[in-house]
Amino acid sequence: MIVLLLLAVAIPLLAWKVIPSLPSIRTAPEVYSGGTSYPISRQSFNRLDLDPEIRGLPLITNVQIVDVDSDGQQDILVCDAQRNAVSYFKKAGENWTEVQLVRDIPAPAHATLVDIDQDGDQDLIVSVLGDILPDDNVVGRVELYENRPEGFQRHVILDEVRRVADVQPGDFDGDGDIDLAVAVFGYDRGCVLWLENLGEMQFLDHELLNAPGTIHVPVADFDNDGDLDITAIVSQDEEELWGFENLGDGNFNKRRIWMTINFDLGSAGLIAADLDGDGDQDLIMPAGDNLEDLDAYPQPYHGCYWFENRGEWDFQMARIADLGGTYSAAVGDVDNDGDQDIALVSMTNNWSRTDTASVVWLENDGHQQFTTWQIASDPIHLVTVAIGDLNDDGQLDIVAGGLNLRKPYQRLGRISAWINQGKN
């Protein structure tokens with residue numbers, strides 16, 4: 001089967017197996033009679049195309065809303081596998097300008113801003129796929145761009161590995177410096193690593209799991225014991241959720257939190273957030289990757305899954321939304337009512353119709369019952385989404401990036417934003 005990895009997004013190798021029964025859907029869209037669509041959002045959004053002059057087919061792998069240049073204003077950090085570059089969009093008045101940070105990076109999957117050398121400025125760590133197409137060669141690496149007065153200085157801190165999809169920072173051994181968790185997606189071979197910071201831009205890699213298809217490695221104190229743990233979603237060969245409990249001094253206890261016998265589920269990422277506001281970190285998993293199919297089409301198990309943290313590494317799964325081809329999720333209080341909502345984007349809804357959803361948000365009623373509202377059906381082929389306040393008005397906005405690998409090559413978008421106008 002042909003498989004493509006994106007990455008910060010990633011596309012796993014799947015196999016047709018018996019499909020298990022799943023929890024009931026809490027919304028009632030038009031399902032699988034030609035795609036999924038929803039009522040238009042009661043929260044109003046104005047669409048903004050940040051790069052309206054499309055050149056070729058956009059291949060955006062990741063977007064984030066972060067303050068890149070530390071000026072107090074939120075920017076949009078972008079990984080682009082078409083241009084092989086990491087850049088950011090900066091707001092000046094009513095206009096947005098793209099600023100290139102680093103280039104000549106083969107298929108960057110994710111960029112991580114962190115002060116790795118603790119000198120008071122933001123360094124940049126790039127997860128390098130090396131090839132956006134299926135590949136099991138050692139084409140991946142982790143590149144660290146040290147922020148210096150004369151510009152970024154490149155250091156290759158992990159080399160001769162397969163395609164790298166994600167890197168997340170944290171002090172895992174309690175020695176006061178910043179280590180790194182690494183998702184090596186690979187293809188038929190991959191792994192989860194943590195890189196021990198030895199100082200002077202030198203890192204020692206330790207393997208936590210040997211398995212292909214790791215997409216994301218969220219870092220948080222999942223067991224509330226005061227140190228940082230690591231989780232990982234593995235999508236190749238198996239569909240599994242793993243936790244790595246930090247035991248101190250760089251030691252971890254490996255736990256398989258969840259698995260499914262539906263190897264065609266299409267898990268497409270993983271984020272950590274306290275969705276129910278109970279003080280611990282839950283996990284949210286978008287699922288809807290089926291690019292290995294000749295005709296990628298919405299399936300009845302696509303959507304968004306919430307893994308509620310019950311303590312003691314017990315995570316209870318609930319399916320909270322249905323959206324054909326769901327590929328990415330972001331969490332934030334979209335309607336300013338004090339609870340956490342979710343934005344989702346779709347890569348492979350039924351694009352032969354013009355009304356099927358490419359962007360939706362899930363309204364949380366405060367008790368983790370969600371209503372799905374459609375924001376857009378254009379552009380399509382969206383694989384990455386972020387939530388943040390782009391115009392400093394106290395309302396959370398939504399940004400998404402498009403990656404176009406499948407027909408129809410229409411309704412293209414590279415970087416699109418939906419500016420939150422509040423309730424209608």
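A polar contact is a pair of N or O atoms within 3.5 Å; within protein, one must be able to donate a hydrogen and the other to accept it, and residues adjacent in sequence count only if both atoms are side-chain atoms. The model is predicted, so local features need pLDDT of at least 70 and side-chain atom pairs count only at pLDDT 80 or more, while totals for chains, interfaces and linings use all residues. Residues are numbered from 1 along each chain as its sequence is written, and side-chain values use heavy atoms, with hydrogens and water left out.

**View A. R141 in strand β8.** R141 is found in strand β8, residues 140-148 (strands are DSSP runs of E, at least two residues, numbered from the N terminus). With a relative accessible area of 17%, R141 is buried, which means under 20% with a 1.4 Å probe and protein chains only. The side chain of R141 makes a polar contact of 2.5 Å with the side chain of E143. Leaving aside neighbours within four places in sequence, R141 is also in contact (heavy atoms within 4.5 Å) with residues including P106, V126, R154, D159 and V164.

**View B. N246 in strand β16.** N246 lies in strand β16, residues 239-248, and is buried, its relative accessible area being 2%. Although N246 and G226 are 20 residues apart in sequence, their C-alpha atoms are 9.6 Å apart in space. Not counting residues up to four places away in sequence, N246 touches F172, D225, D227, L228, D229, N251 and F252.

Note on methods. Helices (H or I, at least four residues) and strands (E, at least two) are DSSP runs, numbered from the N terminus. Buried means under 20% relative accessible area, exposed over 50%, partly exposed in between (1.4 Å probe, protein chains only).
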